[in-house]
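Here are my notes on the model you asked me to look over. They are set out as numbered points, to be read with the structure open.

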Amino acid sequence: MDQNPFIDFVGEEVKAPYKDGNQLKIARGTLTSVDGGFVKVVGKLGTIIINSKNIQKMSRIKRQ
C-alpha cells in the first residue's frame, strides 16, 4: 500500500491547487486528515474533501 504523499502536512495551513473537471481550483485551509486517497481541508469557507490524485501540488502557508 502506498503512503499518501501529503501525510506530512496534517495539522498545517496549506494551499492546494487541484483539478475539478476542466477547472483549476485552489483549496486553502488546515489539512485535518489524510485517509486513503483523499485529503480533508478545513478553511474559512467550509470543508472540502479532495481526491489526492487531483491535487497538482501542496505547499504550507507561512503567516507573518
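Predicted model: local features only at pLDDT ≥ 70, side-chain atom pairs only at ≥ 80, totals over all residues.

1. Secondary structure. The protein chain has five strands and zero helices. Read from the N terminus, the order of elements is therefore simply β-β-β-β-β.

2. Overall dimensions. The C-alpha trace spans about 35 × 25 × 20 Å along its principal axes. The radius of gyration is 11 Å, which agrees with the value near 11 Å for a compact globule because that is what the rule gives for 64 residues.

3. Surface and burial. The accessible surface of the protein chain is about 4,900 Å², and carbon and sulfur atoms account for 47% of that area. Of the 64 residues, 27% count as buried.

4. Contacts along the sequence. Taking contacts between residues at least 6 apart in sequence, 44% join residues at least 24 apart.

5. Pro17. This residue sits in strand β1, which covers residues 13-20. Is Pro17 buried or exposed? Its relative accessible area is 13%, so Pro17 counts as buried, the cut-off being under 20%. Leaving aside residues up to four places away in sequence, Pro17 touches Leu24, Lys25 and Ile26, and also Asn54, Ile55, Gln56 and Lys57.

6. Ser52. This residue lies in the loop between β4 and β5 (59-60). With residues up to four places away in sequence not counted, Ser52 touches Asn4 and Phe6, along with Gly37, Phe38 and Val39.

7. The largest pocket: size and lining. Its volume is about 170 Å³. Which elements give two or more residues to the lining of the largest pocket? They are β2 (23-35), β3 (38-43) and β4 (46-51). The lining residues are Tyr18, Ile26, Ala27, Arg28, Val41, Gly43, Lys44, Leu45, Gly46, Thr47 and Ile48.

8. By class, the lining has six nonpolar, three polar and two charged residues. When checking this against the list in the previous point, note that Gly is counted as polar and Tyr as nonpolar. Arg28 and Lys44 are in the lining, and Arg and Lys belong to the charged class.

Definitions and conventions. Residues numbered from 1 in each chain as written. Heavy atoms only, no water. 1 Å grid on protein atoms, 1.4 Å probe; cavity = no way out; pocket = protein on both sides within 12 Å on 5 of 7 lines; lining within 4 Å. Points joined across faces, edges and corners; volume = space filled by probe spheres on them. Helix = DSSP H or I, 4+ residues; strand = E, 2+ residues; numbered from the N terminus. Rg over C-alpha atoms; globule rule 2.2 N^0.38 Å. Buried < 20%, exposed > 50% of the residue type's maximum accessible area, 1.4 Å probe, protein only. Contact = heavy atoms within 4.5 Å. Areas by Shrake-Rupley, 256 points an atom, 1.4 Å probe, with all protein chains shown as cover.
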